[in-house]
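Open the model in your viewer and keep the selection panel at hand.

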Amino acid sequence: QVQLVESGGGLVQAGGSLRLACTASGRIFNINTMGWYRQAPDKQRELVAVQPSAGTTNYADSVKGRFTISRDNAKNTVYLQMNSLKPEDTAVYYCKARLKTNPVFNYYDYWGQGTQVTVSS
C-alpha cells in the first residue's frame, strides 16, 4: 500500500509565500516522477509543476518564475515553494507520484488527498 501525504497549505495574502510538502510512504520500489497539480472550484485539475527523477522540470506558464519544485529522493518527498502568490492561485493542490511497488510491475500514478491553498486579495 502506498500513501502520499501533503502538508503546508493554508490562507495567505496576495504577494505572500507558502511551501507545500508531500511524502510518499509504503511499499515503494522506485519513484519516477513527482509533481503538483491543482484544482480550483468549477475548473479542471491542471498541472502546476512536475519533476522527473532525471530530466527537465516542467512548470505551468502561469507559475513560472514564482513557484519552484524540488525533491528529496532519500525522503521520497517533493516540495513546492510558492512565492508572489495571487488570488488566482487559490485551489486544492494535489501531489502525484509515478512509482513502482515492485521491480517487475509497471509504473502507476498515486495521488495525495489534497491540501487547500487560499490567497486573499
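Select strands E4 and E5 (residues 46-51): they run antiparallel and are joined by 5 bridges. Strands here are DSSP runs of at least two residues, labelled E, while helices are H or I runs of at least four, all numbered from the N terminus. Two strands count as paired when DSSP finds at least two bridges between them. Pick Met34 and look across to E5: its bridge partner there is Gln51. Now follow the chain from E4 to E5. The two strands form a hairpin with 6 residues between them. Stop at Asp42 in that turn, where phi is positive, about 65°.

Before going on, note that this is a predicted model: local features need pLDDT of at least 70, side-chain atom pairs count only at pLDDT 80 or more, and totals for chains, interfaces and linings use all residues. Residues are numbered from 1 along each chain as its sequence is written, and side-chain values use heavy atoms, with hydrogens and water left out.

E5 pairs with E6 in the antiparallel sense over 2 bridges. Ala49 stands opposite Tyr59 in E6. This is a hairpin too, with 6 residues between E5 and E6. Gly55 in the turn has a positive phi of about 120°.

**Thr33**

Go back to E4 (residues 30-39) and select Thr33. Is Thr33 buried or exposed? Thr33 is buried, at a relative accessible area of 19%. The classes are buried under 20% relative accessible area, exposed over 50%, and partly exposed in between (1.4 Å probe, protein chains only). Show what surrounds Thr33. Leaving aside neighbours within four places in sequence, Thr33 is in contact with residues including Val50, Gln51, Pro52 and Arg71. Lys96, Ala97 and Arg98 are also among the contacts of Thr33. Contact means heavy atoms within 4.5 Å.

**The nonpolar core**

Which residues have the most contacts inside the largest nonpolar core? Select Trp36, Val48, Phe67, Leu80, Met82 and Tyr93. The core has 28 residues. Such a core is a set of buried Ala, Val, Leu, Ile, Met, Phe, Trp, Tyr and Cys residues joined through side-chain atoms within 4.5 Å. Colour by strand next: E1 (2-7), E3, E4, E5, E7 (67-72), E8 (77-82), E9 and E11 (115-120) each supply at least two residues of this core. E9 gives the most, with 5 residues. In soluble globular proteins, nonpolar side chains tend to be buried together.

Centre on Phe67. Setting aside neighbours within four places in sequence, its contacts include Val48, Leu80, Met82 and Tyr93. Arg38 and Asp89 are also among the contacts of Phe67. Those two come up again next.

**Salt bridges**

The structure holds 6 salt bridges. Each is a side-chain nitrogen of Lys or Arg within 4 Å of a carboxyl oxygen of Asp or Glu. Select Arg38, which is buried at a relative accessible area of 7%. Glu46 forms a salt bridge with Arg38, the closest N and O atoms being 2.7 Å apart. Glu46 is partly exposed, at 37%. Arg38 also meets Asp89 in a salt bridge (3.0 Å, N to O). That pair links distant parts of the chain: Arg38 is in strand E4 and Asp89 in the loop between E8 and E9, 51 residues apart. Asp89 is buried, with a relative accessible area of 1%.

Move to Asp109 and Arg98. Their salt bridge has its closest N and O atoms 2.6 Å apart. Asp109 is in strand E10 (residues 108-111) and Arg98 in strand E9, 11 residues apart. Asp109 is partly exposed at 34%, and Arg98 is partly exposed at 35%.

**The disulfide**

Last stop: select Cys22 and Cys95. A disulfide joins Cys22 to Cys95, S to S 2.1 Å. The criterion is a pair of cysteine sulfur atoms within 2.5 Å, and the count comes to 1 disulfide. With -75° about the S-S bond, the link is left-handed. Cys22 sits in strand E3 (residues 18-26) and Cys95 in strand E9 (residues 91-100), 73 residues apart. Both Cys22 and Cys95 are buried.
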